[in-house]
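Grab a pencil and open the viewer.

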Amino acid sequence: MSKLIELRSIDVVPDEERHGTAFSQFTLWLGANLQITAVVTGALAVVFGGDVVWSIAGLLLGNLLGGAVMALHSAQGPKLGLPQMIQSRAQFGVRGAVVPLLLVIVMYVGFFASGSVLAGQAVGELTHTNGTTGIVVFAAVTALMAIVGYRVIHALGRVASTICALAFVYLGIRLLDRADLTALLHDAHFSPPMFLLAMSLSASWQLAFGPYVADYSRYLPRTTSTRATFWWTLSGSALGSQWSMTFGVLVAATAGAKFLDSQVGYVVALGGTGLVASVFYFVIALGKLTINVLNTYGGFMSMVTSVSGFRGQRQLSRAGRAAYIALVMVAGTAVALLGKDSFLSSFKDFLLFLLTFFTPWSAINLVDYYLISKERYDIPALSDPRGRYGAWRWDALAVYALGLLAQLPFLATGFYTGPLVDRLGGADVSWIVGLAVPALLYWLIGRRNAAYPPGNPRGKRGVVPSAQGVSAP
């Protein structure tokens, strides 16, 4: 068991420890998306007023657009051999990266909690206890697998992608037997706000993977094709999420209040009763386990990255690893227990609110990596506040803040609605603004910083770090 437990955390993965192929990203992200929370996300498009046809179309477009951004982050992993968020130090500074990191940690805790609510229902049924006990048991198993680390996470993804795909095929057949599909497809009335809501729901789902997606590709050999990593990640994530969300749309359109009252219970009842029901409770728990392990592992990485920016620590003991993961588990479990009775009403706002914070980060990270730095980073400088990237990059942090502020007039959530939302018919287009504005602004300042890099004591144009420790394209 000790040999199976991962030793790496935020340090670079050496070439001799690299393994696997880009196809591993397909199975991992397919398994991570074939799960009940993605079903609920798709259902929300109908619950809040959309029809079947245009909800499915909006979800598909959002999954493709958001998935492409997410897959561009994944392609960074093999090149750098680093977790995703430590790369933010190249944009925001070694210590300045703590600003988006804190928001990322909140995201992980939130997703851990929302996943635990639904998985807890399934585990409670399997163990013949209740939802509260189910949440606690599920959280403990999640933490244990996250402690073991990278290899078990990918193994879990391979198992979940196969089992959950078979389960969703069966559930889809059962659903189509009950539904009048012809009537649902003919009741199509295009509404721009509802279409954009569906697109925003799926785009936010995909973009929320961005802050940790490279964590699961960083062990791939350095020679792994960027194109292969991109396409296998995108295809697995977009296929899995669209499959689940389309199922959710059809369930919500046909079941109505029955689904809203008990999302897990309705899906299991659709599969059958008795032993068959137990199988589907297990499938739901397995699907949620896959994604919640990713959330826990990503939260652990982000916490270590935040602390190490100030302490200079690059490696972590197994005891330290377990302690960080326990913190994520305890926080996520507490939120799950407090919010389990109002899950559906708050989940949509949670998704869209998260999108506000992560679209500017994605835009800045991708522009810097692909357009400014040309896929080359000074790896040692990512841990040195006095090095090339400095401690705080105030210009990048200002762009990030402007990206947040630019979205506010277009944001529509349950607790805040921007002044321009009504003029757009109630549509939320904040995430589009949140990608475009900071991307342009950072590109403008990034070109200047490429010429006069932070930490260059001579201030001479064109000075770059030595090849040692620099990621080669």
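**Exercise 1.** What span should the 16 residues of helix α10 (residues 192–207) have at 1.5 Å a residue, and how far apart are its end C-alpha atoms?

*Solution.* Keep in mind that this is a predicted model. Start with the rule: the expected span is 1.5 Å times one less than the number of residues. For α10 that gives 22 Å, and the end C-alpha atoms sit 22 Å apart, so the two agree. Now look at the cover: 14 of the 16 residues in α10 are buried, which leaves the helix mostly covered.

**Exercise 2.** Work out whether Gly50 counts as buried or exposed, then find its contacts.

*Solution.* Next, the cut-off: buried means under 20% relative accessible area. Gly50 comes in at 14%, so it counts as buried. Finally, skip the neighbours within four places in sequence, and Gly50 touches Ala45, Ser55 and Met194.

**Exercise 3.** Which nonpolar surface patch includes Leu408, and how is Leu408 classed?

*Solution.* Locate Leu408 in the loop between α17 (394–407) and α18 (430–451). Its relative accessible area is 32%, so Leu408 is partly exposed.

**Exercise 4.** Decide where to hold back when reading the model.

*Solution.* Check the chain overall: mean pLDDT is 85, with 90% of residues at 70 or more. Then look at residues 454–473, where pLDDT stays under 50. The model does have 41 contacts beyond four places in sequence for that stretch. Still, where pLDDT is low, predicted coordinates should not be read in detail.

How values were computed
Residues numbered from 1 in each chain as written. Predicted model: local features only at pLDDT ≥ 70, side-chain atom pairs only at ≥ 80, totals over all residues. Heavy atoms only, no water. Helix = DSSP H or I, 4+ residues; strand = E, 2+ residues; numbered from the N terminus. Buried < 20%, exposed > 50% of the residue type's maximum accessible area, 1.4 Å probe, protein only. Contact = heavy atoms within 4.5 Å. pLDDT = per-residue confidence, 0-100.
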